[in-house]
Amino acid sequence: MIPPAESLLKYDNPVLISKSTDRKSPKGRPLRVSPQQPVTSTPVPPPPKPKSSSTEGNKQENEEILDAILPPREWMEGNQLWVQQVSSAPCTRADVIRLEELLDTKMQQRQARETGICPVRRELYSQCFDELIRQVTINCAERGLLLLRVRDEIQMTIAAYQTLYESSVAFGMGKALQAERGKADMEKRISDLENEKQELKKQLNEQKAKCDAIEKRENEKRQVEEKKYTNEIQFLKRTNQQLKTQLEGIITPKK
């Protein structure tokens, strides 16, 4: 496992915990030796001792709260387990100014976006907020815990928005795929209807051709029949006229 990347959150120097594969995390800060332990054997006036014990107790309590809020980092190098705890050193105004400058430098180096969704910018601002929580917790643990609640609420809100965004993207992709499938089906139906239209046009043209042929044949047949009937009528008229003439010749008396 490679060592963790550089962070805006201030850490102490890494400490070698074990050379074996046993990865038991230290509880609290067992490696930090209290400066009051070596001088317990020397004579100390009674009044300052309770005050020093109280101060040391508050410091130890703040360090435990700090470890709970911002857990130490662990990584393996070969068979060596290294642990790096969050620094408990108080901060000054110069540290805050340097933190702001370092944030701007990191933003430029990693080419973070100034607007819109940017995971790099979000990561850097999260580290900066954790460093502010560390600085505040050293001076006032209660204020640090309150800031921790604010941070967790913000992260929960962002996670909810991210889940909503991912679900909306998935829903949109599903709708797009459904529209594509519907588009393909519609295009197929349009193609089928076009083919059916062409087939119907072909049948219509064939029927029109048949109708024209029948009409032409019937017209020719009618003309032949009309001519035949006309000839018959003319023949019958001539025959009738001849018969009429003969009849009148028979009826009329000769003088």
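Guide: A helix is a DSSP run of H or I with at least four residues, a strand is a run of E with at least two, and both are numbered from the N terminus. The model is predicted: local features need pLDDT of at least 70, side-chain atom pairs count only at pLDDT 80 or more, and totals for chains, interfaces and linings use all residues. Residues are numbered from 1 along each chain as its sequence is written, and side-chain values use heavy atoms, without hydrogens or water.

Visitor: What pattern does the protein chain follow along the sequence?

Guide: Start with the parts. The protein chain has four helices and three strands. Read in sequence order, they give β-α-β-β-α-α-α.

Visitor: How many of the 255 residues, in percent, count as buried?

Guide: Buried means under 20% relative accessible area, exposed means over 50%, and partly exposed is in between (1.4 Å probe, protein chains only). By that rule, the buried share of the 255 residues is 18%.

Visitor: How far does α4 reach from its first C-alpha to its last?

Guide: The expected span of a helix is 1.5 Å times one less than its number of residues. With 111 residues, α4 is expected to span 165 Å. The model comes close to that, at 156 Å.

Visitor: And how far does α3 reach, first C-alpha to last?

Guide: Helix α3 has 21 residues. At 1.5 Å a residue, 30 Å is expected. The reach in the model is close to that, at 31 Å.

Visitor: Are α3 and α4 roughly parallel or antiparallel to each other?

Guide: Axes are lines fitted to C-alpha atoms, for helices over the stretch in contact, and angles run from 0 to 180 degrees between N-to-C directions. Angles under 35 degrees count as roughly parallel, over 145 as roughly antiparallel, 65 to 115 as roughly perpendicular and the rest as oblique. The axes of α3 (residues 119–139) and α4 (residues 141–251) come within 7 Å and cross at roughly 160°. The two helices are therefore roughly antiparallel.

Visitor: How many nonpolar residues are in the contact of α3 with α4?

Guide: Contact means heavy atoms within 4.5 Å. Ala, Val, Leu, Ile, Met, Phe, Trp, Tyr, Cys and Pro count as nonpolar, Asp, Glu, Lys and Arg as charged, and the others, Gly among them, as polar. Residues of α3 including F129, I133 and V136 meet residues of α4 including L147, L148 and I158. By class, four are polar, four are charged, and the nonpolar ones number seven.

Visitor: Which helix does R151 lie in?

Guide: R151 is buried, with a relative accessible area of 13%. Beyond its neighbours within four places in sequence, R151 is in contact with I69, L70, F129, D130 and I133. The helix that holds R151 is α4.

Visitor: What is the relative accessible area of T137?

Guide: T137 is found in α3. Leaving aside neighbours within four places in sequence, its contacts are N62, I65, L66, I69 and G144. T137 is buried, with a relative accessible area of 1%.

Visitor: How far apart are the axes of α2 and α3?

Guide: Helices α2 and α3 pack at an angle of about 170°. They are therefore roughly antiparallel to each other. Their axes are separated by 10 Å.

Visitor: Is Q111 buried or exposed?

Guide: Q111 sits in the loop between α2 (93–109) and α3. Its phi is positive, about 55°, although Q111 is not a glycine. With a relative accessible area of 69%, Q111 is exposed.
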